[in-house]
Each structure stands twice: as C-alpha cells, then as structure tokens.
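Dear colleague,

I am handing over the structure we spoke about, and you will find it directly below.

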Amino acid sequence: LSLDVGERWNVDLRASFFEDHGFVQPVRTVNIEATPIDLGLSYEFNPSGRVSPYVGAGMSYMLFKSSVDNTVLGEPEPSRAKDEPGWYGLIGVKGPLGGRIGFYLEGVYRQVETDVQGDGLAAFDRISVDFAGAGAAAGLAFNW
C-alpha cells in the first residue's frame, strides 16, 4: 500500500512472508518462518512518466516463528524466537499499463537479527540469527 504525501513522496506499508529458512548446527536443525511488516517513505523520480524509478527506506518489524529438531535424538525441541525491529531499503520502477492498472518491479534489502532460544527442560542457549538479505518482487498494482 502506497499513499501519496506529496508530488514525489509516498508513505509505504508492505508485508511479506518467508517460510522454511533453516540452518544446521552440530546437534540441531533450526527452521524459521518470518513475516516482515515494513513502514517507510519512498521518493519517485518521474511520477508522471511512463516509467518512474523510485527509492525508499524505513523500519521493519519482523514476526518470527521457530522450530528446532534435535538431530541426535531425532525429536523436535520446544523453541521460541523473539519478534524484532529492523530496517529496510528498496529500489524499483513502476508505471501505468492502462486505466487504473500498473506494474512494479523492485528490490528490497532488510536487516533484522533475532535469537532462537530453547524452552522447557530441553532448554538450550540462545542461537543468534542474522536475518539480513535481499529480495525482489514484481507484479501488478491497482491505482486509485
């Protein structure tokens, strides 16, 4: 969702979903699902043109869900990952296709870190996870 706040400025709200990001430790396999919710500003360089490049940045709040499997015991371990704030930056292009329908193509980089921690009797020390990375999106947009 992008709301105009000036001729070239927009307030952006976006959300994504990433599932099954995992990594292996000596005794455990850790899987993380993440849902970033982003709020920020973007600046369009050519808002009335056929193609309008833009850049943006803002704050992310990442919702995490973790699951941990003990590879020695072959059993799942109770775990939790704390939801954390971070930041994002983006670059993209958009433009009209016809009527109220348009297109967009963008690249996003997010930086967020969290800790996965064991719960209960099988508690384990915190495992730090750097959930930084780039992504890309393309699609159609409805403009009103």
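This is a predicted model: local features need pLDDT of at least 70, side-chain atom pairs count only at pLDDT 80 or more; totals for chains, interfaces and linings use all residues.

A search of the whole structure gives five aromatic pairs. Another of them joins phenylalanine 142 and tryptophan 144, and this pair is tilted, with the centres 6.2 Å apart and an angle of 35° between the planes. Tryptophan 144 itself is exposed, its relative accessible area being 70%.

Turning to individual positions in the strands, alanine 141 belongs to strand E12, which covers residues 133–142. At 25% relative accessibility alanine 141 is partly exposed, and, leaving aside residues up to four places away in sequence, it touches Arg100, Ile101, Gly102 and Tyr104. Alanine 141 and leucine 97 are 44 residues apart along the chain, and their C-alpha atoms are separated by 9.4 Å.

Alanine 15 is part of strand E2, which runs over residues 9–15, and with a relative accessibility of 57% it counts as exposed. Its contacts, again not counting residues up to four places away in sequence, are with Pro36 and Ile37. Between alanine 15 and valine 51 there are 36 residues of separation in sequence and 24 Å in space, taken from C-alpha to C-alpha.

Valine 24, in strand E3 (residues 18–24), is likewise classed as exposed, at 64% relative accessibility. The C-alpha atoms of valine 24 and valine 68 lie 9.8 Å apart, while the two residues are 44 positions apart in sequence.

As for the overall build, the protein has zero helices and 12 strands. Its radius of gyration is 19 Å, well over the 15 Å that the globule rule gives for 144 residues, and the protein is therefore more spread out than a compact globule. Along the principal axes, the C-alpha trace spans about 60 × 25 × 20 Å. Of the 144 residues, 31% count as buried. Among the contacts with a separation of 6 or more, 59% are made by residues 24 or more positions apart.

The accessible surface of the protein amounts to about 8700 Å², and carbon and sulfur atoms hold 59% of it. There are 11 positive and 19 negative side chains, and the centres of these two sets are 8 Å apart.

Conventions: Residues are numbered from 1 along each chain as its sequence is written. Side-chain values use heavy atoms; hydrogens and water are left out. Helices (H or I, at least four residues) and strands (E, at least two) are DSSP runs, numbered from the N terminus. The radius of gyration is taken over C-alpha atoms; the globule rule is 2.2 Å times the number of residues to the power 0.38. Buried means under 20% relative accessible area, exposed over 50%, partly exposed in between (1.4 Å probe, protein chains only). Contact means heavy atoms within 4.5 Å. Accessible areas come from the Shrake-Rupley method with a 1.4 Å probe; for residues, only the protein chains shown count as cover. Lys and Arg count as positive and Asp and Glu as negative; His and the chain ends are not counted. The place of a charge is taken as NZ of Lys, CZ of Arg, CG of Asp or CD of Glu. Rings of Phe, Tyr and Trp (its six-membered ring) pair if their centres lie within 6.5 Å; planes under 30 degrees apart count as stacked, over 60 as edge-to-face and the rest as tilted.
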